[in-house]
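Student: I have a structure open here and would like to go through it with you. Could we begin with the pockets?

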Amino acid sequence: MPVRPTAKLSRSDLADLNSFLVVHRLCSFTQAAVELGVSTSALSHSMRNLEARLGVRLLNRTSRTVSPTEAGSNLAARLELGFDEIAGALEEVDRHRDRPMGRLRINTLSDGARLLLTKYLPKFLQNYPDVSVEVAVEDQMVDIVAGGFDAGIRFGGTVPEDFVAVRIGAPLRWVAAAAPKYLNRRAPITRPEDLKAHNCIQIRTGQGVIYRWEFERNGERLSVEVPGQLCVNETRFGVEMATSGAGITYCLEKRIEGELARGELQVVLSDWAPVEPAFYIYYPGHRQTPPGLRELIDMLREEPLT
């Protein structure tokens, strides 16, 4: 029987097919353009050229949405298998290299960025100069697969199921703290309920709710809905406001080690400070591990476990 000739793909074809997969996954030209590092107009032009070369419409476009056609969905399903094979082949080749090469995209909480990445990422970048790293700092929960990230860093207990999760460091102590100039002019605080008579710096979480401060002593756990004039959604700003005497903040003790050492802040209710799960780095187990991720994980695991 006659042998079907193999289609020849140019570099442009491969780039456009990869771009199509990103648009298909995100259902957004704007988000796909950000991930690919190109302009939205350039990406849209590439997709039109791809459709013209194939002679088939792959994407339905409106002013607000992008969705695949039936042909687009079928093509994406086949391409995902093909690009997974390519990624696997490249990973096999990379194993023969002395050092990994590629690009990593990491999504992390601000606490993870400040306490882990600022500590270990400079060393990683120096040791692996052929790996580029993009870090997105977001306190709201993000679907790292849909967002095109290779891995995420979150607190233990909040990592989604069906991911490979690796513990980084020790469990974390959470504290309430205020400046001496604030504490000296207000009523003493001996129990968590006393906070209701104080000006607390409230925290709006990434899920959009105001966080109830957690406390624990000798197995007794309390959750306090604290009052306050100020509400923030970023730890650093809350700490700065507390240091200025604006009220009591609540955060990881490790985030304010410097302020505590300098006497700018004092921990209140220290015997009620809860110890919660450590940081974890997590990634999808069904995908090929991108070059550099394993090396980054090994470096982050140097964080002391006690």
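Tutor: The second largest pocket holds about 850 Å³ of space. A pocket, on a 1 Å grid over the protein atoms alone, is an open set of points where a 1.4 Å probe fits, with protein on both sides within 12 Å along at least five of seven lines. Its volume is the space filled by probe spheres set on the points, which are joined across faces, edges and corners. Please note that this is a predicted model, in which local features need pLDDT of at least 70 and side-chain atom pairs count only at pLDDT 80 or more, while totals for chains, interfaces and linings use all residues. Residues are numbered from 1 along each chain as its sequence is written, and side-chain values use heavy atoms, with hydrogens and water left out.

Student: How many residues line the second largest pocket, and which lie nearest its centre?

Tutor: The lining has 30 residues, and L109, F155, W174, T205 and Y211 lie nearest the centre. A lining residue has an atom within 4 Å of a point.

Student: Which element gives the most to that lining?

Tutor: Strand 12 does, with three residues. The elements that give two or more residues are helix 5, strand 5, strand 7 (172–178), helix 7 (235–243) and strand 12 (249–252). Helices (H or I, at least four residues) and strands (E, at least two) are DSSP runs, numbered from the N terminus.

Student: And how many of the lining residues are nonpolar, polar or charged?

Tutor: Eleven are nonpolar, twelve polar and seven charged. Here Ala, Val, Leu, Ile, Met, Phe, Trp, Tyr, Cys and Pro count as nonpolar, Asp, Glu, Lys and Arg as charged, and the others, Gly among them, as polar.

Student: Parallel or antiparallel, how does strand 5 run with strand 3 and with strand 15?

Tutor: Strand 5 runs parallel to strand 3, through three bridges, and antiparallel to strand 15, through four.

Student: Is strand 5 buried or exposed?

Tutor: Five of its five residues are buried, so strand 5 is largely enclosed by the rest of the structure. Buried means under 20% relative accessible area, with a 1.4 Å probe and protein chains only. I153 is found in strand 5, and its relative accessible area is 0%.

Student: What does I153 touch?

Tutor: Leaving out residues up to four places away in sequence, its contacts include I106, L116, Y282 and L300. Contact means heavy atoms within 4.5 Å. I153 and Y282 are 129 residues apart in sequence, yet 6.4 Å apart in space, C-alpha to C-alpha.

Student: A change of topic: where is E259, and is it buried or exposed?

Tutor: E259 lies in helix 8 (residues 257–261). It is buried, with a relative accessible area of 8%. Beyond residues up to four places away in sequence, E259 touches R236, V239, T243, E264 and L265.

Terms used:
Buried means under 20% relative accessible area, exposed over 50%, partly exposed in between (1.4 Å probe, protein chains only). Two strands pair if DSSP finds at least two bridges between them.
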